[in-house]
Amino acid sequence: MDDVRIVEAQMCYCASHTATISAVAQEGLYLSNNTGFTYESILSFFRMCEEAGYPQYYVVNSEDKAVGWCDIVPRGITGRKVGYIGIGLRADYRDRGIGTKLMQHALDHAKEYGFTEIRLECRASNKRALHIYEKKFGFHKTGRKRRGLVLEGKAIPVVYMRKKLD
């Protein structure tokens with residue numbers, strides 16, 4: 001992990017964050033879309049997280065580019081005490097323990113923020129991530145939906161997980 005660092009999200013990284021999300025999305029294996037998001041939507045999301053104080057972190061490489069992200073935000077009717085996690089890392093930075101450290105940073109901040117429960121959705125085919133969420137972080141499966149996600153007309157099974165924060 002010598003060539004990367006984990007930092008709180010900053011606006012100067014939004015452009016490289018946009019490129020990173022697009023790269024991970026185009027793999028077609030992990031995210032809820034296969035294209036990524038526009039710079040404008042990333043910037044808007046960043047500002048919303050910053051204003052509210054939500055946990056949002058980037059993995060930044062030696063070239064000062066965001067190559068990974070993790071954020072925890074509330075959604076809809078669950079209220080401000082339940083946060084949903086989003087995480088991703090460029091392929092060439094995986095399998096080095098970086099994602100685990102990144103997620104731990106965000107979870108620590110989530111507890112400080114006041115979240116009492118963290119939830120996530122993961123493609124059922126992503127067995128490695130499901131194992132990490134369960135074994136390293138103590139998430140518990142709460143359900144599965146065969147058509148949890150539909151991309152390009154294809155139904156993708158999704159596993160739902162949650163973790164109570166002490």
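Biologist: At what angle do helix H1 and helix H2 pack?
Modeller: This is a predicted model: local features need pLDDT of at least 70, side-chain atom pairs count only at pLDDT 80 or more, and totals for chains, interfaces and linings use all residues. Residues count from 1 along each chain as its sequence is written, and side-chain values use heavy atoms, without hydrogens or water. Helices are DSSP runs (H or I, at least four residues), as are strands (E, at least two), numbered from the N terminus. The axes of H1 (residues 14-26) and H2 (residues 39-52) lie 9 Å apart, and the helices pack at about 115° (lines fitted to C-alpha atoms over the stretch in contact, N-to-C, 0 to 180 degrees).

Biologist: Which residues of H2 make the contact with H1?
Modeller: Contact means heavy atoms within 4.5 Å. H1 brings Cys14, Ala15, His17, Thr18 and Ile21. From H2 come Tyr39, Ile42, Leu43 and Phe46.

Biologist: Which strands stand at the edges of the sheet?
Modeller: The open sheet has 7 strands, in the order S1-S2-S3-S4-S5-S7-S6, with mixed pairing (a pair needs at least two DSSP bridges). Each edge strand has a single partner, so one side of it is left without a neighbour in the sheet. The edges are S1 (4-8) and S6 (140-151).

Biologist: What is the bridge partner of Arg5 in S2?
Modeller: S1 pairs with S2 (residues 56-61) in the antiparallel sense, over 5 bridges. Arg5 has its partner in S2: Val60.

Biologist: Is Phe115 buried or exposed?
Modeller: Under 20% relative accessible area is buried, over 50% exposed, in between partly exposed (1.4 Å probe, protein chains only). Phe115 has 3% relative accessibility, so it counts as buried.
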